[in-house]
Amino acid sequence: MNEDVRRVERVSFPGISSRAYEHPVDRGALATLRTVPGFAQVLKALFGFFTERGLRLSALSSTIRVGPEQYPELDRLRNECAATLDLPTVPTVYVMRDPNPNAYTIGLEEPFIVLTTGLVEMADAEGLRFAIGHEMGHVLSGHAVYRTMMIHLVELQRSLSWNPISGIGLRAVLAALHEWFRKAELSCDRAGLLCGQNPAAALRLHIQLAGGIDPDTIDIPSFLRQAEEYEGVDDLRDSLLKLRSLESMAHPLAVVRAAELQKWAGSDEYRAMLAGEYPRRDDDEPHSAWRDDIKAAARSYQTSWSESADPLTKVFADVGTAVTDVAGKVRDKFSNRGSASESQSAASGEPTD
């Protein structure tokens, strides 16, 4: 871990709701995930088979638990990130021997965070603050349950690979989980930025994850233009290749992910949050309306589709517009019918529930 001794004043976010940083396509993808056939049954079955105790014992027995005596710098970052996002409890952090730079959050009732030695050795202190803050975002958003489920399902799919019927059913759930998790990563990059409040440090880590051995030698405008070129392909064959390659990915593509976060870092929404204007947990509804989440995701997708040159994306946009128009007509029809029924009931003195 490269040391960075700079100390800066950072804004804290008392009582912040996860809605403050969650990307609309994350909330929409999660709402859609819950409607996938068999999803509820699979989730219930997994909870019966696996326990958090086994995950925690595995971490205790084969990794280093971060604390004041072990990785004290990481322990400081852990506590500061939890305080910035005002988490009720500070999640435990473990460091695992793995040369690949990575971090993840798992657990059912008490989520914990795992950092790999590859990440700790590669990143400087502000990069690690961003990475730990990203994982704290997963904790606050309640993502760990679904992430844990995804890990178990991957293992289960391997054991059932001989059974094509079971494999197909699991593949559908896993594909939906992967799609959601890629969107959840966009959300939690925003949480990481809120913890560090240093867009340059976040970009530096994204460059390193993309293959930048020395980020100082990478031309940032050229790096970000790669995302524009990727999104702007105009060959249908390239579009199909992109779709196929994304199916089993759990993380967004590094360059595209970096560009997405830098765009948010320059937004009025981000500046307003630093000024203290953000949704509070006290104002959260007891149960989120999944229809509203899907509508917000649809608006976000529609914006990205309209700006994309990808031919397959344009096909989806046209289909989506047609479906939206039909759905709107059906909704209006039933709304009008409901209003007419209520008026008729009121005139006759009948109750309307």
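**Entry 1. Overall**

I began with burial: 43% of the 353 residues of the protein count as buried. The model is a predicted one, and I read everything below with that in mind. I then looked up the secondary structure and found 15 helices and four strands. For the surface, I noted that the protein exposes about 19300 Å², with carbon and sulfur atoms supplying 55% of that area. I also checked sequence separation in the contacts. Among contacts with a separation of 6 or more, 76% are between residues 24 or more positions apart.

**Entry 2. Nonpolar cores**

I looked for the largest nonpolar core and found 39 residues in it. I16, L74, L115 and L194 have the most contacts inside this core. Which helix gives the largest share of this core? I found that it is α6, residues 125–141, with seven residues. Another core, of 11 residues, lies apart from the largest one, and I listed L30, M150, L177 and F181 among its members. As background, nonpolar side chains tend to be buried together in soluble globular proteins.

I followed I16 further. Leaving out residues up to four places away in sequence, I16 touches L85, L140, L194, M273, Y278, P279 and R281.

**Entry 3. The sheet**

I traced four strands in an open sheet, in the order β1-β2-β4-β3, with mixed pairing. Why is one side of β1 and of β3 left without a neighbour in the sheet? β1 (64–65) and β3 (103–106) stand at the edges and each has a single partner strand, so one side of each has no neighbour there. I then looked at β2 (residues 93–96) and β4 (residues 112–116), which pair in the parallel sense over four bridges. M96 stands opposite T116 in β4. Helix α6 lies across β3 and β4, and I noted its angle to β3 as about 20°.

**Entry 4. Aromatic pairs**

I found three aromatic pairs in the structure. One of them, F13 with Y278, is edge-to-face, at 5.5 Å centre to centre and 80° between the planes. F13 lies in the segment before α1 (24–33) and Y278 in the loop between α13 (268–274) and α14 (290–307), so this pair ties together parts 265 residues apart in sequence. F13 is buried, with a relative accessible area of 0%. Y278 also counts as buried, at 9% relative accessibility.

I looked up Y94 and F112 next. Their ring centres are 5.4 Å apart and their planes stand at 80°, so this pair is edge-to-face. Y94 is in strand β2 and F112 in strand β4, so the pair ties together parts 18 residues apart in sequence. I found both Y94 and F112 buried.

Methods: Residues are numbered from 1 along each chain as its sequence is written. This is a predicted model: local features need pLDDT of at least 70, side-chain atom pairs count only at pLDDT 80 or more; totals for chains, interfaces and linings use all residues. Side-chain values use heavy atoms; hydrogens and water are left out. A nonpolar core is a set of buried Ala, Val, Leu, Ile, Met, Phe, Trp, Tyr and Cys residues joined through side-chain atoms within 4.5 Å. Buried means under 20% relative accessible area, exposed over 50%, partly exposed in between (1.4 Å probe, protein chains only). Helices (H or I, at least four residues) and strands (E, at least two) are DSSP runs, numbered from the N terminus. Contact means heavy atoms within 4.5 Å. Two strands pair if DSSP finds at least two bridges between them. Axes are lines fitted to C-alpha atoms, for helices over the stretch in contact, and angles run from 0 to 180 degrees between N-to-C directions. Accessible areas come from the Shrake-Rupley method with a 1.4 Å probe; for residues, only the protein chains shown count as cover. Rings of Phe, Tyr and Trp (its six-membered ring) pair if their centres lie within 6.5 Å; planes under 30 degrees apart count as stacked, over 60 as edge-to-face and the rest as tilted.
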